[in-house]
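Subject: Structure handover and findings

Hello,

Here is the structure for you to look through.

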Amino acid sequence: MTILCVRFQLPPMYKAALPGLLGLLEDFTPVVEALPPDGALADLRGAERYFGRSAVELASVIRVRALARYGVDCAIGAGPGPMLARVALRDARPGVTCAVPEDAVAEFLAGKPVAALPGIGAATARTLGEYGLDTLGLVAAAPLSTLQRLIGAKAGRELREKASGVDRGRVVPNAVARSLTTERSFGFDELDPARHRGALLSAAEEIGARLRAVEKVCRTLTLTVRYADRSATTRSRTLKEPTAHSAALARSAYDMYESLGLQRARVRALALRAEGLTPADQASYQLTFDPVDEKARRVEEVADRVRAKFGPRAVMPGTLALACALSWPTAA
């Protein structure tokens, strides 16, 4: 057992803590791959030899440190490879590590649904299920030619290998996320535009904090509004300049919301996605002499330092949203 797949139980407002939690994993191994928004893979082969402990034992230490430092529990799957660790995570729960038996990998996989494999979508699972191949054990026992005829030559070969427990994947350290997403769901279908705006401010604050924590800026912001009838509307906007500034993200989010012209819409959830991420030190900025904007940026800097030192719970949710409101009069 050498690979851990960790999913941190992060409340929506605390997902900016992910970089710190990744740093916790890096105390054990430099081979850590982020799986945004709340997970990671860690290769502990070197750590097992160095600490004289198994990966499952080290997983217990990681869980305790995450709780002690950040107040965050986690679910952990362990396996000989990344794919198997991710499958094991499906059966894990906070406080208990689920490990794939190294001498019984095929048996562990046999009864699981095809969709349990990472990368197998609903359409592929449905196609295989129509031919009675609804578990990994049945897929592993099926003739290769049958699988290739159903889903293609390369995909069929790879699926059969994975269903048989062959894991050729590896943990890629410092993998860069191409986007960051956060969502605000309402407890009931929300009609009040003021509540919608509040959710947008909160989401923009979180996206900004997460971008700044990983020293990234985004070029494009996408808003998705989900309605009570399960339909959705999506709008995207290219920002005037790459930014991780919460006030700028909030203004763009609100502009997109206003462009929808919603009239008493029953909104189930609002989601923001930051795309086109680039390193902050490579971005160019337009100088501003707006004192309100400068005040909001100073508040952000202080809040970010407090989070880095004391954890995400040290900053009351909505602090930066208030700073955004100061530079955004229409949202007040």
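Below are the notes, from the whole chain down to single residues.

**Ground rules**

This is a predicted model, in which local features need pLDDT of at least 70 and side-chain atom pairs count only at pLDDT 80 or more, while totals for chains, interfaces and linings use all residues. Residues are numbered from 1 along each chain as its sequence is written, and side-chain values use heavy atoms, with hydrogens and water left out.

**The chain as a whole**

The protein chain has 13 helices and ten strands. These are DSSP runs numbered from the N terminus: H or I of at least four residues for helices, E of at least two for strands. Of its 332 residues, 46% count as buried. Buried means under 20% relative accessible area, exposed means over 50%, and partly exposed lies in between (1.4 Å probe, protein chains only). The accessible surface of the chain is about 16600 Å². Carbon and sulfur atoms hold 52% of that surface. The areas come from the Shrake-Rupley method with a 1.4 Å probe; for residues, only the protein chains shown count as cover.

Leu21 sits in helix α1, residues 18-26. Leu21 counts as buried because its relative accessibility is 0%. Leaving out residues up to four places away in sequence, Leu21 touches Phe8, Leu10, Ala66, Tyr70 and Val72. Ala66 is 45 residues from Leu21 along the chain, yet their C-alpha atoms are separated by 7.0 Å.

Asp38 lies in the loop between β2 (32-35) and β3 (39-43). With the sequence neighbours up to four places away left out, Asp38 touches Val6, Arg7, Phe8, Leu10 and Leu18. Asp38 and Leu21 are 17 residues apart along the chain, with 9.3 Å between their C-alpha atoms.

**Salt bridges**

A salt bridge here is a side-chain nitrogen of Lys or Arg within 4 Å of a carboxyl oxygen of Asp or Glu. The count comes to 13 by this rule. Three of them follow.

- Asp91 and Lys112: the side chains meet at 2.4 Å, N to O. Asp91 is in the loop between α4 (82-89) and β5 (97-99), and Lys112 is in the loop between α5 (105-110) and α6 (122-129), so the pair ties together parts 21 residues apart in sequence. Asp91 is partly exposed at 41% relative accessibility. Lys112 is buried at 14%.
- Arg226 and Glu183: this bridge is 2.7 Å, N to O. The pair links distant parts of the chain, 43 residues apart: Arg226 in strand β7 (residues 216-227) and Glu183 in strand β6 (residues 179-190). Arg226 is partly exposed, with a relative accessible area of 34%. Glu183 is partly exposed, with a value of 34%.
- Arg210 and Glu206: the closest N and O atoms are 3.3 Å apart. Both residues belong to helix α10 (residues 193-213), and because they are four residues apart there, about one helical turn separates them. Arg210 is buried at 4% relative accessibility. Glu206 is buried too, at 2%. Salt bridges with shared partners join Arg184, Glu206 and Arg210 into one network.

**A helix pair**

How do α6 and α8 pack? The two helices meet at an angle of about 130°, with axes 10 Å apart; α8 covers residues 144-151. That angle makes α6 oblique to α8. Angles under 35 degrees count as roughly parallel, over 145 as roughly antiparallel, 65 to 115 as roughly perpendicular, and the rest as oblique. Axes are lines fitted to C-alpha atoms, for helices over the stretch in contact, and angles run from 0 to 180 degrees between N-to-C directions. On the α6 side, Thr124, Thr127 and Leu128 make the contact; they meet Leu147, Leu150 and Ile151 in α8.

Which residue has a positive phi although it is not a glycine? Arg264 does, with phi at about 55°. Arg264 lies in the loop between α11 (246-259) and β9 (267-275). Arg264 counts as exposed because its relative accessibility is 64%.

Best wishes

Conventions:
Contact means heavy atoms within 4.5 Å.
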